[in-house]
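Me: I have a structure open here and would like to go through it with you. Could we start with the strands?

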Amino acid sequence: MYNNSLQIIKWNSNGFYSKIDEIKLIINRFSSVALCIQETNFANNKLGSLKNYLTFYKNRKNHVRASGGMVTFINTQYFCDKITLVTNLEAVAIRISVKYKLTSCNIYISNSQTPQTHPTH
C-alpha cells in the first residue's frame, strides 16, 4: 500500500472510547500510516485497539480516575518497531518503514504541567 500520500494523523481526542465513532470515520476515510491520539483517558494498563493497526501506548499511572495518556496506532501494512525512550513524559516513539525510515514521536503534556526541558534518551 505505498502511494504518494503519506498520512500521519495526530489528535487530542479527550477520550478514546467516547470518540470511537469519530476515530473509525478517520480510519475509514484516510487509511493513514499512523494515528496518534493524545488524552486517551485509559485507566492503568487498559487500552483500545483498531482493526488492522498495531497499538503502542503509554498511560498515566497512579491516578484516581482515568486521564491523560496517549496511543499510537500503526497500519499493519507497514513494518514498524518501537524506540525505547527513557523519560517520565507520556511519550511513544515508533520507527516506521515506508519508502524510507520515518520516526513518529507522540507526546502528551497536559495543560496543568509546566513545560520544561525533559531529558529523553
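Me: How many bridges join strand S6 to S7?
Reply: In this predicted model, eight bridges join S6, which covers residues 90–97, to S7, and the two strands run antiparallel.

Me: Which residue in S7 stands opposite arginine 95?
Reply: Threonine 103 is the residue of S7 that stands opposite arginine 95.

Me: In what order do the strands of that sheet lie?
Reply: The order is S5-S6-S7, three strands in an open sheet with antiparallel pairing. Strand S5 (79–83) and strand S7 (101–108) are the edge strands, each pairing on one side only. From one strand to the next, the twist averages 25°.

Me: Now salt bridges. How many does the structure hold?
Reply: The structure holds one salt bridge. Arginine 95 forms a salt bridge with aspartate 81, and their closest N and O atoms are 3.4 Å apart. The pair links distant parts of the chain, with arginine 95 in strand S6 and aspartate 81 in strand S5, 14 residues apart.

Me: What are the relative accessible areas of arginine 95 and aspartate 81?
Reply: Arginine 95 has 31% and is partly exposed. Aspartate 81 is likewise partly exposed, at 27%.

Note on methods. Residues are numbered from 1 along each chain as its sequence is written. This is a predicted model: local features need pLDDT of at least 70, side-chain atom pairs count only at pLDDT 80 or more; totals for chains, interfaces and linings use all residues. Side-chain values use heavy atoms; hydrogens and water are left out. Two strands pair if DSSP finds at least two bridges between them. Helices (H or I, at least four residues) and strands (E, at least two) are DSSP runs, numbered from the N terminus. Axes are lines fitted to C-alpha atoms, for helices over the stretch in contact, and angles run from 0 to 180 degrees between N-to-C directions. A salt bridge is a side-chain nitrogen of Lys or Arg within 4 Å of a carboxyl oxygen of Asp or Glu. Buried means under 20% relative accessible area, exposed over 50%, partly exposed in between (1.4 Å probe, protein chains only).
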